[in-house]
Amino acid sequence: MSGMASPVRGVVSCEWRGYDNHAGMDIACPVGTRVYAAFAGTVREAGWNAEGTGRSGIGVRIENPDTESQYYGHLSQVLVHGGDRVQVGQLIALSGATGNVTGPHLHFECWAAGGTYYNGLDRNPRTYFEAHGITPGSATGQGTAASAGGYYTRAIDGDIGGFYSGYAMQRFLADRGYYTRE
């Protein structure tokens, strides 16, 4: 794959494998934040339960020309359809808090060729970010050089055995302006 954009502007709230079987990276951001294609490819699934487990609500899966793919989950709105071809940095969706979630964020997964959530071919998204010199959650590739102001790898307060309590995660996101209980 050549060229990459950060899929959303926000802060990393959980890394790949940050808790048991967490197959992606979570980037906290307000509901309605623009979500961009990290890589060019073809939309294979778009809508509710796009990755097949129902765990991340509304999502989009994009397959790259090399047959690797990325999955974007917990979206509030999808702006592409199955079969659409997308370019790096193209607007594809709006972030949300659908599915199994403690607060609004983008769940971003990277899969090797032929990979799915079920077959263990998920890959650490940070590897792709580092290979392309991109800070997760930055605005790189999205038409501006503005920074997201760094990222946070975990909510330390309330971490119990690798799992976050819903309250602790909500407080972590609220402290950074990404979540309110309105």
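Me: Why is Trp 111 called buried?
Reply: In this predicted model, Trp 111 has a relative accessible area of 2%. Buried means under 20%, so Trp 111 counts as buried.

Me: What makes Tyr 71 buried?
Reply: The relative accessibility of Tyr 71 is 0%. The cut-off is under 20%, and Tyr 71 therefore counts as buried.

Me: How many aromatic pairs does a search of the whole structure find?
Reply: The search gives 4 aromatic pairs. One of them joins Tyr 71 and Trp 111.

Me: Why is the pair of Tyr 71 and Trp 111 called stacked?
Reply: The ring centres of Tyr 71 and Trp 111 are 6.2 Å apart, and a pair needs centres within 6.5 Å. The planes of the two rings stand at 0°, and planes under 30 degrees apart count as stacked, so this pair is stacked.

Me: What makes the pair of Tyr 72 and Phe 108 tilted?
Reply: The angle between the planes is 55° and the centre-to-centre distance is 5.3 Å. Planes under 30 degrees apart would be stacked and those over 60 edge-to-face, with the rest tilted; the pair of Tyr 72 and Phe 108 is therefore tilted.

Me: Why does the pair of Tyr 72 and Phe 108 tie together separate parts of the sequence?
Reply: Tyr 72 is in strand β6 and Phe 108 in strand β9, so the linked parts are 36 residues apart in sequence. Both Tyr 72 and Phe 108 are buried. Together with Phe 129, these residues form one aromatic cluster.

Me: How do you know that Arg 61 and Glu 45 form a salt bridge?
Reply: Their closest N and O atoms are 2.9 Å apart. The limit is 4 Å, so the contact between Arg 61 and Glu 45 qualifies as a salt bridge. Arg 61 lies in strand β5 and Glu 45 in strand β4, so the bridge ties together parts 16 residues apart in sequence.

Me: Are Arg 61 and Glu 45 buried or partly exposed?
Reply: Arg 61, at 15% relative accessibility, counts as buried, because buried means under 20%. Glu 45, at 30%, counts as partly exposed.

Me: What makes the contact of Glu 63 and Arg 44 a salt bridge?
Reply: The N to O distance is 3.4 Å, and the definition asks for within 4 Å. Glu 63 is in strand β5 (residues 58-63) and Arg 44 in strand β4 (residues 41-48), 19 residues apart.

Technical notes: Residues are numbered from 1 along each chain as its sequence is written. This is a predicted model: local features need pLDDT of at least 70, side-chain atom pairs count only at pLDDT 80 or more; totals for chains, interfaces and linings use all residues. Side-chain values use heavy atoms; hydrogens and water are left out. Rings of Phe, Tyr and Trp (its six-membered ring) pair if their centres lie within 6.5 Å; planes under 30 degrees apart count as stacked, over 60 as edge-to-face and the rest as tilted. Buried means under 20% relative accessible area, exposed over 50%, partly exposed in between (1.4 Å probe, protein chains only). Helices (H or I, at least four residues) and strands (E, at least two) are DSSP runs, numbered from the N terminus. A salt bridge is a side-chain nitrogen of Lys or Arg within 4 Å of a carboxyl oxygen of Asp or Glu.
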